[in-house]
Amino acid sequence: MRIGVAREIKPDEYRVALTPAGARELVHRGHDVTVEAGAGLGSAFPDRAYEAVGARIAPVEEVWGEAELLLKVKEPIRPEYGYLRAGLVLFTYLHIAADEPLTRALIGSGIAAVAYETVETDNRALPLLAPMSEVAGRLAAQAGAYFLEKPLGGRGLLLGGVAGVAPGKVVVIGGGIVGYNAAVIALGLGAQVTILERSIDRMRHLEEVLSGRVSLLMSSALQIEESVAEADVVIGAVLIPGALAPKLVTLESIRGMKEGAVLCDVAIDQGGCAETSRPTTHSEPVYQVEGVTHYCVANMPGAVPITSTMALTNATLPYVEAIADHGLAEAAARDEALARGVNVIDGRITYEAVAEAHGLGYSPLEDVLPLSPV
Ligand SMILES: NC(=O)c1ccc[n+]([C@@H]2O[C@H](COP(=O)([O-])OP(=O)(O)OC[C@H]3O[C@@H](n4cnc5c(N)ncnc54)[C@H](O)[C@@H]3O)[C@@H](O)[C@H]2O)c1
């Protein structure tokens with residue numbers, strides 16, 4: 001298959017959809033890989049690293065124009081709509097339930113659009129979102145420690161303490177992938193860590209994998225209020241799938257926090273779990289409310305593109321290989337997780353939540369693609 005890798009043109013996006021290691025795997029399987037000039041630079045992969053493994057470097061029109069499978073990281077933005085066409089399979093983060101112009105552009109073009117974020121296994125895991133949650137969780141603990149420093153507006157506290165001085169307290173709300181990874185790094189820094197969770201099964205799991213090194217508490221309004229008041233760093237990591245994040249930390253609770261404490265609201269991409277949270281950017285990551293530093297960067301993995309690119313492509317490559325080896329119809333027939341990723345194909349919406357979000361018609365995938373493995 002002819003596989004194209006486009007350069008990301010969204011501001012502040014430095015990831016790339018395929019590493020040279022991934023390109024080599026695909027070339028070895030007999031596929032033809034073309035990478036847009038400069039696509040890997042933001043993740044420290046120069047063009048020559050792709051050429052060295054047998055990929056070709058080409059200008060943007062050639063990459064999109066000749067590909068049968070086009071790999072990207074972020075959704076196409078307006079200047080890229082012109083490249084969408086029938087006969088092309090696009091594999092990328094799409095998030096089109098919140099993007100009507102792109103949904104209509106995809107439908108109008110006849111392209112097959114497969115979204116990383118809706119690839120979903122039978123046990124409801126999201127394998128192509130998980131790596132970014134791992135990165136964001138780990139970064140959140142680092143950001144918390146960093147913004148506690150006095151010159152940055154923080155309390156002036158070293159999270160890990162020293163011999164004879166108590167460590168700082170980190171409270172993580174939501175013990176999923178972000179929460180677990182935040183806890184691991186906070187523990188590594190020497191902090192005293194508490195995770196507030198709603199699922200008892202999840203708490204049992206965390207108890208086991210973290211060997212009892214964190215306090216696990218049932219999440220309730222009262223418990224959140226009390227824990228947040230004692231915290232030096234609060235990390236917001238809740239998720240209710242398909243819904244906005246619940247506002248678990250009230251303005252009143254923020255007022256009750258210590259002067260110079262830090263709130264890292266990782267759930268900001270779902271609206272944030274504190275009443276005082278609003279999205280920030282890497283160039284201006286923090287603001288203060290009632291003396292509490294708010295870190296609410298909506299695309300945290302963008303700060304560490306080398307790690308994020310490798311983590312993302314480790315997860316996407318098996319699906320890329322399946323589509324390249326078998327074609328989309330056959331690959332989707334063999335793997336329901338991948339089939340759930342197909343959002344739009346042949347001008348029809350095959351992902352129900354997207355159709356509902358825009359009041360447009362929904363066609364089950366099996367009505368559009370013949371889903372029977374040969
Ligand atoms: N800002 C960023 O750059 C960035 C990057 C990746 C993920 N995220 C966001 O981080 C959030 C967490 O993602 P995840 O992958 O860890 O999700 P996840 O589903 O793995 O974990 C969410 C956890 O929250 C728990 N939860 C739900 N309601 C709760 C409540 N009231 N109190 C306590 N816990 C509760 C769930 O039981 C679950 O364990 C999501 O909003 C996700 O979109 C943001």
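Colleague: Among contacts in the protein between residues at least 6 apart in sequence, what percentage join residues at least 24 apart?
Modeller: This is a predicted model, where local features need pLDDT of at least 70, side-chain atom pairs count only at pLDDT 80 or more, and totals for chains, interfaces and linings use all residues. Residues are numbered from 1 along each chain as its sequence is written, and side-chain values use heavy atoms, with hydrogens and water left out. Contact means heavy atoms within 4.5 Å. Of the contacts between residues at least 6 apart in sequence, the part that joins residues at least 24 apart is 61%.

Colleague: How many helices and strands does the protein have?
Modeller: Both are DSSP runs, numbered from the N terminus: helices are H or I with at least four residues, strands are E with at least two. The secondary structure comes to 15 helices and 15 strands.

Colleague: What is the radius of gyration of the protein?
Modeller: This radius is taken over C-alpha atoms, and the globule rule is 2.2 Å times the number of residues to the power 0.38. For 374 residues the rule gives 21 Å. The protein is close to that, so it is as compact as a globular protein of that length, with a radius of gyration of 22 Å.

Colleague: What percentage of the 374 residues are buried?
Modeller: Buried means under 20% relative accessible area, exposed means over 50%, and partly exposed lies in between (1.4 Å probe, protein chains only). By that cut-off, the buried share of the 374 residues is 51%.

Colleague: Is L328 buried or exposed?
Modeller: L328 sits in helix α12, residues 328–334. Setting aside neighbours within four places in sequence, L328 touches V89, A112, V114, I323, V342, I345 and L369. Its relative accessible area is 7%, so L328 is buried.

Colleague: What is the relative accessible area of Y287?
Modeller: Y287 belongs to strand β12, residues 286–289. Beyond its neighbours within four places in sequence, Y287 has contacts that include T276, R278, V292 and H294. Y287 is buried, with a relative accessible area of 11%.

Colleague: How far apart in space are I200 and M218, C-alpha to C-alpha?
Modeller: I200 is in helix α8, residues 200–209. I200 is partly exposed, at 46% relative accessible area. In sequence, I200 and M218 are 18 residues apart; in space, C-alpha to C-alpha, they are apart by 7.8 Å.

Colleague: Where is D12?
Modeller: Most residues other than glycine have a negative phi. D12 is not a glycine, yet it has a positive phi of about 65°. D12 is partly exposed, with a relative accessible area of 37%. Its place is the loop between β1 (2–5) and α1.

Colleague: What is phi of D346 near?
Modeller: D346 lies in the loop between β14 (342–345) and β15 (348–349). D346 is a residue other than glycine with a positive phi, near 50°.

Colleague: At what angle do α6 and α7 pack?
Modeller: Axes are lines fitted to C-alpha atoms, for helices over the stretch in contact, and angles run from 0 to 180 degrees between N-to-C directions. The axes of α6 (residues 130–147) and α7 (residues 177–188) are 7 Å apart, and the packing angle is about 40°.

Colleague: Which word describes α6 relative to α7?
Modeller: The helices pack at about 40°. Under 35 degrees counts as roughly parallel, over 145 as roughly antiparallel, 65 to 115 as roughly perpendicular, and the rest as oblique. That makes α6, relative to α7, oblique.

Colleague: How do the residues of the contact of α6 with α7 divide?
Modeller: Among the residues that meet are A130, S133 and E134 of α6 and I177, V178 and N181 of α7. Ala, Val, Leu, Ile, Met, Phe, Trp, Tyr, Cys and Pro count as nonpolar, Asp, Glu, Lys and Arg as charged, and the others, Gly among them, as polar. The contact of α6 with α7 divides into eight nonpolar, four polar and two charged.

Colleague: How are α6 and α11 placed relative to each other?
Modeller: Their axes come within 8 Å and cross at roughly 155°. The two helices are therefore roughly antiparallel.

Colleague: Which residues of α11 make the contact with α6?
Modeller: From α6 come P131, M132 and V135. The contact has six nonpolar residues, two polar and no charged. The partners from α11 are T307, S308, A311, L312 and A315.
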